[in-house]
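Open the model in your viewer and keep the selection panel at hand. The stops below say what to select and what is found there.

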Amino acid sequence: MLFLLLSRWKNLFSIVLKRLLLILVILFIFHTVSNILEWLYLVDAADTYGDYFQILIPVLWIFFFITYIQKITEKKRTESEKKYRHLFDTSPYFVGLIDTKGVLLDCNDVSSEILSIHIKEDIIGKNITEIFSLNEKNKYLIPIFEKFMKNMFEGAGTNQEPFDFQLNRSTGGYLWLYIEGTLIEIEKRKLIQFIIQDITERKKAEKELLKSEKMYREAYNRAEFYKDIFAHDINNILQSILSGTQIGQLPLDDPEKFYDLKLNAEIIKEQVIRGAKLVDNVRKLSKLEEAGESLEKVDILTVLKNTVSFVEKSYKNKSLTIRVDSIEEKLFTTANEFLKDVFENLLINAIRHNKNPMIEITIRISREQDLGINYHKMELFDNGIGVDDSMKNKIFQRGYNKDKGVYGMGLGLALVRGIIETYNGKIWVEDRVMGDRSKGSNFVLLIPEVD
Amino acid sequence: MSGYKVAGIASNGIEAISIFKSFSNKPKVILMDQRMPEMSGLEASKIILQIDTRVKIIFLSADNSVKQEALSIGAFEFIDKIFTIKELISAINRAIESYTF
């Protein structure tokens, strides 16, 4: 405290001393000039000194007064500067000043944390182009900030719309930052005062929230979808079974009327199988949607041939020919137990949607490359009823399109697409004869090759 | 079995319209499903009723969310699945009785 007091008085004393020295110099000049004038017989010497003192004393007082006022004003200015400097330096945000040439004139210490630099003096005096070039990955920000500055300095208003940007760190990772700029004028010089805030945590929280919303929406859609299946599809199956049993009972009431009870029993049996298949497909779709059914190396041809054999046995009552054309003995991919469901669904669809007395299905296997990836290409040609162009995408969609009132061809193809996509493969349908759907369909599968 | 003759069967809305148009002596009653490939029962019914306003369309559907809409476009009745044959025959009888030649 004493030290501060002495220090203050020391400053004041030094200023006063300087002023006194100035006065003495002025006195000396005055004295010299008066001597010269006296020598030139222009003034009287004795009277001159008395007059001098009468003038000097008030002048001295004025000097002291001006000095005191100056000191007070300077003190206030210094205190005010200190206060705002303190705010600037201790702000939790990165605050700085840029001139019209993009040179960083000043900034606070937060800059070193955000830009991963040693001290702020490393960047003060540098152009923003240089600053962003410190990290190769941040060079993309240069044109963005140049535009930002241009809009600020040349724009109609004093403020530019704030924006978010990603800053890559030299230590790895990145920060999300939010910048606001204000155009100011200091000593007739236009400058941009900017404030940059670290919003990385906020962005992470937003991303988690979006992910959470997406999961909720997907779960809700799934629940609606399964609810719809049970409300609609199961009811249809049960209706067929009920009608079948009621029709079957009629000959028992009136034996003179002949009904083919065996045919009726077949219809009921088919509906029960259909119901069981629906439940099975729903179970598999549900399993596909859960995280990761593990994939392993599988020989496609073996699975295909086993499925063809199973389908042929299941449809012994139909005139059915299924041919597999492949020049290779083994075709490997990474898949799982659901691969047989893919082939089974496609083969059964081809059989069901066929009004010909003789059902012909040919599976041609070749190779194809798409975007640098090697695939096994499987084309399933049938001589069935074909698929209208308007339905070629819809048949792979799940269930019912409420807006269009159109019902897809059941869950089977939605399941097939879902399975193929888990293998990173693709599936679509074409006409067997291009432009003439009445000649049948060609279901095309691309399944990634594996050595 | 109830004395009625099935004039035609369609597997989707477009086929239903085509078959209906092909008859010179139009059927009196149509049993219409709602959810079908290519064209829904509602869309097909709107067009069929424009061709012949007398026809009685009985909706048989497991999707009863369209019940009000079906009735508002002029369907005669909407029967929720699951129904018995007796209920179906009764509905057909009502439709025939109300048919105006």
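This is a predicted model: local features need pLDDT of at least 70, side-chain atom pairs count only at pLDDT 80 or more; totals for chains, interfaces and linings use all residues.

Next, show the helix from end to end. α4(B) runs over residues 85-98, 14 residues in total. From first C-alpha to last it reaches 20 Å, close to the expected 20 Å at 1.5 Å a residue.

Stay in chain B and select Glu38(B), in the loop between β1 (29-32) and α2 (41-51). Is this residue buried, partly exposed or exposed? Its relative accessible area is 25%, so Glu38(B) counts as partly exposed, given that buried means under 20% and exposed over 50%.

Move on to the cavities. How many of 30 Å³ or more are there? The count comes to five.

For the largest cavity, select Phe94(A), Ile128(A), Phe132(A), Phe194(A) and Ile196(A), which lie nearest its centre among the 15 residues of the lining. Elements giving two or more residues to this lining are β1 (94-98), α3 (110-115), α4 (128-132), β3 (159-168), β4 (174-186) and β5 (189-198) of chain A. Which of the elements gives the most? It is α4(A), with three residues. The volume of the largest cavity is about 160 Å³.

The last stop is the second largest cavity, which holds about 120 Å³ of space. Select Asn349(A), His353(A), Asp382(A), Ser441(A) and Phe443(A); of the 13 lining residues, these lie nearest the centre. Two or more residues of the lining come from each of α9 (339-352) and β14 (436-448) of chain A. α9(A) gives the most, with three residues. Colour this lining by class as well: seven residues are nonpolar, five polar and one charged.

Technical notes
Residues are numbered from 1 along each chain as its sequence is written. Chains are lettered from A and ligands numbered from 1 in the order in which they are written. Side-chain values use heavy atoms; hydrogens and water are left out. On a 1 Å grid over the protein atoms alone, a cavity is a set of points where a 1.4 Å probe fits but cannot get out, and a pocket is an open set with protein on both sides within 12 Å along at least five of seven lines; lining residues have an atom within 4 Å of a point. Grid points are joined across faces, edges and corners, and a volume is the space filled by probe spheres set on the points. Helices (H or I, at least four residues) and strands (E, at least two) are DSSP runs, numbered from the N terminus. Ala, Val, Leu, Ile, Met, Phe, Trp, Tyr, Cys and Pro count as nonpolar, Asp, Glu, Lys and Arg as charged, and the others, Gly among them, as polar. Buried means under 20% relative accessible area, exposed over 50%, partly exposed in between (1.4 Å probe, protein chains only). The expected span of a helix is 1.5 Å times one less than its number of residues.
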